[in-house]
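Here's a quick briefing to read with the model open beside you.

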Amino acid sequence: MTEINDKGKGLTPQGETAQIAQGLKDVNAALKAGLPKDVIIQGRNLMLFRQGTGGYVPLGAATSHTLNITAENADISNKDTAQFHAVLPGGNINWTVSASCMASWLDLQGGSGGAKGLIDDLVAGDVYKVAFGMIVNPSPDGVKPAEGWKVDTSAAYVGDAFISSIAVSAPYDSQVTYDVEFQGSGPLLPYGTAVAKNRIPDFNKKSAE
């Protein structure tokens, strides 16, 4: 990116303006290209999305997201292995994703237009697609863009999940927050693989292609 620095260069005000404009142009070009995949990820750029009517929608006002993947191993310890514990890898894989968020009532119970809240989804046992991945439309100042955060189809995992738990905290002297966990059911696949296997809705398939 162009360095904005006029020390020792004798730039005129017009030259400084042109340099600043070029710097902003470079920043905007980088944002349109998406985030680089070969650098350490800032936490705010990795999010949990759940399936909406027109695409994946992130949980609002989130402060943290977590993906947990565990593999079950078979115990094959026997007299021949003596005191050494022996296991056989390759067992079932379990995955969950969770989020900590600040809450509005619409997040919990839903509202008009048939939109359901997280508690409604848990009670109903609804299963839907979730995506855990990077955002494709970061903003220079980190503020949520007007069109909302969008998942980067080249840097995300998707799978079927249902809400297994939700805990709402309403302290006397602070904002209401909630912690929600989604239990995965079936494979957790890279976005592109899920498209190829027709495991995601058409509206996501179109955006991925």
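Contact here means heavy atoms within 4.5 Å. With that in hand, His 65 touches Leu 46, Met 47, Leu 48, Ser 98, Ala 99 and Phe 132, leaving aside residues up to four places away in sequence. Bear in mind that this is a predicted model, where local features need pLDDT of at least 70, side-chain atom pairs count only at pLDDT 80 or more, and totals for chains, interfaces and linings use all residues. Residues are numbered from 1 along each chain as its sequence is written, and side-chain values use heavy atoms, with hydrogens and water left out.

**Around His 65**
- His 65 sits in strand β3 (residues 62-71); helices (H or I, at least four residues) and strands (E, at least two) are DSSP runs, numbered from the N terminus.
- Met 47, one of its contacts, is 18 residues away along the chain, with 6.3 Å between the C-alpha atoms of Met 47 and His 65.

**Salt bridges**
- Side chains of opposite charge can pair when their charged atoms come close.
- The rule used is a side-chain nitrogen of Lys or Arg within 4 Å of a carboxyl oxygen of Asp or Glu, and it gives two salt bridges.
- Asp 121 pairs with Arg 50, with the closest N and O atoms 2.6 Å apart.
- That pair ties together distant parts of the chain, 71 residues apart: Asp 121 is in helix α3 (residues 118-124) and Arg 50 in strand β1 (residues 46-51).
- Asp 121 and Arg 50 are both buried, where buried means under 20% relative accessible area, exposed over 50%, and partly exposed in between (1.4 Å probe, protein chains only).
- Lys 129 and Asp 160 form a salt bridge at 2.8 Å, N to O.
- Here strand β7 (residues 127-135) supplies Lys 129 and strand β8 (residues 151-169) supplies Asp 160, 31 residues apart.
- Both Lys 129 and Asp 160 are buried too.

**The loop at Gly 142**
- Gly 142 lies in the loop between β7 and β8.
- Gly 142 counts as partly exposed because its relative accessible area is 29%.
- Leaving out residues up to four places away in sequence, Gly 142 touches Arg 44 and Trp 149.
- Arg 44 is 98 residues from Gly 142 along the chain, yet their C-alpha atoms are 8.2 Å apart.

**A nonpolar patch**
- Ile 119, Leu 122, Val 123 and Val 168 make a nonpolar surface patch of about 320 Å².
- Patches take residues with over 30% relative accessible area and no salt bridge, joining like charges within 9 Å and nonpolar side chains (Val, Leu, Ile, Met, Phe, Trp, Tyr) within 5 Å.
- Areas come from the Shrake-Rupley method with a 1.4 Å probe; for residues, only the protein chains shown count as cover.
- Helix α3 gives the largest share of the patch, three residues.
- Val 168 is in strand β8, and it is partly exposed because its relative accessibility is 42%.
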